[in-house]
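Here are my notes for anyone opening this one for the first time. Have a look at the model, then read the points in order.

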Amino acid sequence: MSNDIPYDTLTKILEESILELIGGEEEFDKLTDNLISKHRKKIHFIPLKYRVLGGFLQSLNIKFGNFIETFIPKLITVMETNLIVIEEYSNRKDIKLSLEQECERKIDNYINHPPQSIDKSFEDLLDYIFTLQNKRDGVFKTETYDVDLLLKDETRYYYIEVKYNDDHDTGKFKDINRKFIKTFAGLVNKLHITDKNEITPILYYFNESVRYRDIYLKEDKYVLRGRKLFEKLNLSISYKDIEEILLKMSKTLEDKFDKFKDKIFDKVHNNKK
């Protein structure tokens, strides 16, 4: 990590965020009580206390995935000086974007009929997007879109869709790519960008594991995983820094999770029919 950015600052941001994610006693009691009630009604061979524990851990895992998707923008805002987070659009679920009718049809056709050659086909689609989304006499339809992260440096914008893990089924995988390309097209229109060198779309997976090689977007150019986003944007922090801090936290939190397990087992025992 750069000497300009204290390692302690990153640690503090992560630790505070993770503890907030885990929540306090009241949140723990509410969640586990609901899980006990839910699982009591199910016939299963796995003992109730283990199903409740599993549900509790699954809930935290989902929350952690959601946290990562909001953490990356926060991290860049707090710790980077060479990039500007466009807060008007970033981490918003209510952005009105317009798609030209023919442009939307071409995107849908691209997703529904995966190309044989990603390199040429997607670059061709990008050309269509920049032409049609700037068409003065086009027929446009406006809808609400989610925008995870929009950045700007001295020369270009970066539209980044942030995902924690590449673990979606094939239907969801198609939807992610469709939404990603349509949101990008809407931003091209919204920001009045006519040159594709002025904005780069990136689908980013925080974990480096690969379930599906993307059949719509070129890996390592428009799809980045793990450390590669940090390298592409030349961030002053590294992926390894975050990895190390989370690993240390997993060790320091071991006692806390042992206590969670004991509390859940006690609650299940004390709430027997």
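1. Let's start with R227, which counts as partly exposed at 39% relative accessibility (partly exposed sits between buried, under 20% relative accessible area, and exposed, over 50%, using a 1.4 Å probe and protein chains only). R227 makes a salt bridge with E231, 3.3 Å from N to O (the term needs a side-chain nitrogen of Lys or Arg within 4 Å of a carboxyl oxygen of Asp or Glu). Both residues belong to helix 7 (residues 227–232) and sit four residues apart, about one turn of the helix. Helices are DSSP runs of H or I with at least four residues, strands are runs of E with at least two, and both are numbered from the N terminus.

2. A word on the ground rules: this is a predicted model, where local features need pLDDT of at least 70 and side-chain atom pairs count only at pLDDT 80 or more, while totals for chains, interfaces and linings use all residues. Residues are numbered from 1 along each chain as its sequence is written, and side-chain values use heavy atoms, with hydrogens and water left out.

3. How many salt bridges does a search of the whole structure find? It finds 28. One of them joins K221 and E123, at 3.3 Å from N to O. That pair links distant parts of the chain, 98 residues apart: K221 is in the loop between strand 6 (199–205) and strand 7 (223–225), and E123 is in helix 5 (residues 118–132). K221 is partly exposed, at 36%.

4. There's a network too: salt bridges link E104, D108, K141, E143, R178 and K182. Within it, the closest N and O atoms of E143 and K141 are 3.4 Å apart. E143 is partly exposed at 33%, and K141 is partly exposed at 43%.

5. What does F71 touch, leaving aside neighbours within four places in sequence? F71 is in contact (heavy atoms within 4.5 Å) with L10, I13, L14 and I242.
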